[in-house]
Amino acid sequence: MIDKNEFQNKIKKAEKTAYKAIFFSFLASVLLLFAAYDPTFSIFGNKETALTYSDTVENKNEDKIENGVHIRTGLVDAEGLITVVNNCTNCHSAKLVIQNRMNTERWNTTIKWMQETQNLWDLGENQEVIVNYLVTNYPPIAKGRRLNLTDINWYTLKK
Amino acid sequence: MKRRSFVKKTVLSSFAAIIGTELIFGANMMEGYTPLALQEPNPFKLFSKNKEMLVLNDKPWNIEAQAHLLDDKVTPNSSMFIRNNGKIPEEINPETWTLTIDGEAVKNKKTYTLADLKSTFKQHTYQLTLECGGNGRSEFDPPAKGNQWTIGAVHCASWTGIRLRDILEDAGIKSNAVYIGYHAVDAHLSGDPSKEPISRGCPMSKALQDETILAFQMNGEAIPLAHGYPLRLIAGGWPASVSGKWLNRISIRDKVHDGTKMMGTAYRVPKNPVAPGEKVKDEDMGIIESMPVKSLITYPKTGATLKENQPLEIRGHAWAGELEVEKMEYSIDFGATWTTCLVEKPANRLAWQHFSASINFPKKGYYEIWAKAIDSNNIAQPMLLPGWNPKGYLNNACHRIAIKVV
């Protein structure tokens, strides 16, 4: 009988420990989630201070590169990247640069057009760096008179 | 910070228009409170667009639809492409907004408030097709400079406003009038206040058409901010850049308007055909007027897989600039044979027309459905790219979708 009681007590103890463990791991995961969504715990502090803080964090990471891509602009990390970022993404998005495929001559013409009509500054020696970056990393693709259809997401059409 | 002060200077009534939905508790909103919508970094939420819209550019904002998003007969805001040359204006007060009619060929320079426009002139509603002159640019080889639109820079919404003719005649048109040119409040990307991002127009003959209107409503509601709130010129069937947004001035000119993007190569194509990549002098370029005949298959979405013997219902829209679409055909064998589709009459002149067909595929395999519209002058869409031009305008090559029968 004593053995049985002891056994039951042990079970109860184990149960309690398990409940505690569940409770604490739940608490920990809530805290973790919170930290992930609001790392500065700004909800508890002054909003303005929190904003300034995250601004500095952003500034530190503004030229972060991941998998060979400059995160802020989407431009490929290659020789001349920062020169392109600094001169070509002030007025318009880098998306406009990436989607346009031109050779050296046409980029130079485009730069001249931007200088004449869009207030682009004199690029000096940087012009060659920029154009080289563009023609190397974003060369024109031959399309002919019509391309094949590509990137088709096949799906079953219900009647 | 500018965004925050924006709301303080804007009346709530205009707010619903800007975010595209109604603010139910608008009246109870605290003073100084900035609704989240305007700080929204997500363009789909910011402009109330479908998540499948494609963002080509975020500075300035340029967003296009995909064919299957344009299935509605009247395009809802959620599927309408956005094309901007400059920055979208942020501080608009409809109470103090005015439109001035001036220029060398105006009899009396006149300024109207929005309330004047709405109360003085008769209002009209038309469904009007607006297509970006550069829609389809991405297919040109050698590539043309600019936003690389695929097929989604077209829409046909319902617009309500007053006829441009009525207000021009109210101010008085001199006999030497040639062209109108619009001016608006959007800011140049460089931030230079002396520069206009775009200031285009059209010849008097287009300006005086019944369907050329100054709109203050789109699909029965105030025009969303990105589409020109509070006042937009709508000139259906012409490059959508003629339909200027956020207008505060229209000049009646005694010559062809010479505003930004009227000159050089902007919205112009070679007067005579050129070889791909050929250099064209500015003086050999002519202003685009009516857009060419074109069509889109909006159902099904490309990539549909069907069972053998399962018939396929297709549908879509066709339009032809100033003209009407007379005939619509489809091919499932790359143009070897063509079958006529049913094509409806337009809701009004310059509205796109709906077509439909039921297709039976002869055997299993990979197919493409190609759609071809033919206009009232018997001009058809080409299957290949039309004539190359330096800026990549007017690509009206047949639209096609991929189908598999298994």
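Mentor: Let's start at Trp61(B), which has a relative accessible area of 19% in this predicted model. Buried means under 20%, so Trp61(B) counts as buried. Its ring has a partner, Phe47(B): the two ring centres are 5.3 Å apart, and because the planes stand at 80 degrees, the pair is edge-to-face. Phe47(B) is buried as well, at 11% relative accessibility. Now look at where the two come from. Trp61(B) belongs to strand β2 (residues 61–64) of chain B, while Phe47(B) sits in the loop between α3 (43–46) and β1 (54–58), so to speak a link between distant parts of the chain, 14 residues apart.

That is one of nine aromatic pairs over all chains. For another arrangement, go to Tyr267(B) and Tyr393(B). Their ring centres are 5.4 Å apart with the planes at 25 degrees, so this pair is stacked. Here the partners are 126 residues apart: Tyr267(B) is in the loop between β13 (247–253) and β14 (268–270) of chain B, and Tyr393(B) is in the loop between β23 (365–375) and β24 (399–405). Both tyrosines are buried.

The charged end of Lys118(B) sits over the ring of Phe216(B), 5.2 Å from the ring centre.

Staying with tryptophans, find Trp246(B) in the loop between β12 and β13 of chain B. With a relative accessible area of 2%, Trp246(B) is buried. Check its backbone while you're there: phi is near 55 degrees, a positive value in a residue other than glycine. Leu350(B) gives you another positive phi, near 75 degrees. Leu350(B) is in the loop between β21 (342–343) and β22 (353–359) of chain B, and at 7% relative accessibility it counts as buried. Why stop at these? Most residues other than glycine have a negative phi, and most peptide bonds are trans.

Tyr229(B) and Pro230(B) are joined by a cis bond, with omega about 10 degrees, and Pro230(B) is in the loop between β11 (221–222) and β12 (232–234) of chain B. A cis bond also joins Tyr299(B) to Pro300(B), where omega is about 0 degrees. You'll find Pro300(B) in the loop between β16 (294–299) and β17 (304–306) of chain B.

Last stop on chain B: helix α5 (residues 164–171), where Leu164(B), Ile167(B), Leu168(B) and Ala171(B) are buried. They cover an arc of only 100 degrees around the axis, which puts them on the same side of α5(B). The spacing makes sense, because an α-helix has 3.6 residues a turn, so residues three or four places apart point the same way. After α5(B) comes Gly172(B), with a positive phi near 100 degrees.

Leu27(A), in helix α1 (residues 2–37), counts as partly exposed because its relative accessibility is 40%. Together with Phe23(A) and Phe24(A), Leu27(A) forms a nonpolar patch on the surface, with about 320 Å² of accessible area in total.

Technical notes
Residues are numbered from 1 along each chain as its sequence is written. Chains are lettered from A and ligands numbered from 1 in the order in which they are written. This is a predicted model: local features need pLDDT of at least 70, side-chain atom pairs count only at pLDDT 80 or more; totals for chains, interfaces and linings use all residues. Side-chain values use heavy atoms; hydrogens and water are left out. Patches are made of residues with over 30% relative accessible area and no salt bridge: like charges are joined within 9 Å, nonpolar side chains (Val, Leu, Ile, Met, Phe, Trp, Tyr) within 5 Å. Accessible areas come from the Shrake-Rupley method with a 1.4 Å probe; for residues, only the protein chains shown count as cover. A salt bridge is a side-chain nitrogen of Lys or Arg within 4 Å of a carboxyl oxygen of Asp or Glu. Helices (H or I, at least four residues) and strands (E, at least two) are DSSP runs, numbered from the N terminus. Buried means under 20% relative accessible area, exposed over 50%, partly exposed in between (1.4 Å probe, protein chains only). Rings of Phe, Tyr and Trp (its six-membered ring) pair if their centres lie within 6.5 Å; planes under 30 degrees apart count as stacked, over 60 as edge-to-face and the rest as tilted. A charge sits over a ring if NZ of Lys or CZ of Arg is within 6 Å of the ring centre and within 35 degrees of the ring normal. The arc is that of the directions from the helix axis to the C-beta atoms.
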